[in-house]
Amino acid sequence: MYLVSAKEMLQDAEHGHYAVGHFNLNNMESVRAFLLAAQENASPIILGVSGGTAKYMGGYRTIADMVTDFMDFLKINVPVALHVDHGKYQEALAAIDAGFSSVMFDGSSFPIEENLEKTKEVVRLAHAKGISVEAEVGGIGGEEDGKISMGECASPAQCEMMASLGIDFLAAGIGNIHGKYPADWKGLNFPLLKEIKERVGNMPLVLHGGSCIPGDQIRKAIELGVAKINVNTECQMAFTAAVRKYFEQRKDEESKGFAPRTVLAGGLDATKAMCVQKMELFGSIGKA
């Protein structure tokens, strides 16, 4: 089974009123956990790779080879897209050359004219190879690879301009943030989401920062046109909690026998379980 563009799976999700989960890779265990969750639940899946993860895991080509080799080894036959998450311009180009099937160019920190110009070039290069493209308007708040941003709400007019470039799906800031949500978070801006959807038509929309958003807000966002939801924080938390539990249960034992695979096995299982929980919420199970 080969990696596929995310375009068709998100078009299907938009038409079917469900969302495909985008789950960020952090290590080898997460690759295996997410692929197994998708296969066992007949769900399409998008595996996301940030710039920080690419550096940690040996670069985009190493990750692409790892994912495709695992797909062969585990006999994965559900649709899997390997996607750059919040890629800088050069990162998007590097991933296009390295065998990724989908890329996000995040030019939201640039003036809109520069964001449009660079996005247009990424679209040209990616589409020539059948690779899907995500763009962003309005910065997503919170923390991403160590950088903290308060975020901003997207301009519907700018979203329409971006959609006109031929991108395949669009991330728009609607009050969502990366990481944990503060106690005084006001929630998603649904009137803004509705206006953006009216401007971009049938183009699938993306909700970043999908961890910890209440289920009722997730479901309403899907009803209003969100077809891809990014999850990272909750999977990281589940993995870390499982590893901590392993050591807590063995704190009085001698350290011998603490093989890395044994230590991390609980984290893999916890990551897989969190992935399935999110797939159920997004309605993607059985859609492959």
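**Group meeting: rings, charges and overall fold**

Hi everyone, let's start inside the protein: Y60 is buried, and F100 is buried too. Buried here means under 20% relative accessible area, exposed means over 50%, and partly exposed lies in between, with a 1.4 Å probe and protein chains only.

A quick word on the source: this is a predicted model, where local features need pLDDT of at least 70, side-chain atom pairs count only at pLDDT 80 or more, and totals for chains, interfaces and linings use all residues. Residues are numbered from 1 along each chain as its sequence is written, and side-chain values use heavy atoms, with hydrogens and water left out.

Now the rings. I pair rings of Phe, Tyr and Trp (its six-membered ring) if their centres lie within 6.5 Å; planes under 30 degrees apart are stacked, over 60 edge-to-face, and the rest tilted. That rule gives four aromatic pairs. One of them is Y60 with F100, edge-to-face, with 5.4 Å centre to centre and 85° between the planes. This pair links distant parts of the chain, 40 residues apart: Y60 belongs to helix α4 (residues 60-73), while F100 sits in the loop between α5 (89-98) and β4 (102-105). Helices (H or I, at least four residues) and strands (E, at least two) are DSSP runs, numbered from the N terminus.

How are the rings of Y246 and F247 arranged? Their planes are at 90° and their centres 5.4 Å apart, so this pair is edge-to-face. Y246 counts as buried, at 10% relative accessibility, whereas F247 is partly exposed at 38%.

Next, please find K118. Its charged end sits over the ring of F110, 5.1 Å from the centre, and K118 also lies over the face of Y89, at 5.9 Å from the ring centre. The rule asks for NZ of Lys or CZ of Arg within 6 Å of the ring centre and within 35 degrees of the ring normal.

Let's zoom out. The protein chain has eleven helices and eleven strands. Its radius of gyration is 18 Å, close to the 19 Å from the globule rule for 288 residues, so the chain is as compact as a globular protein of that length. That radius is taken over C-alpha atoms, and the rule is 2.2 Å times the number of residues to the power 0.38. Buried residues make up 55% of the 288.

Last stop: Q277, in helix α11 (residues 260-282). Q277 is partly exposed, at 44% relative accessibility, and its C-alpha atom is 39 Å from that of E117, 160 residues away along the chain.
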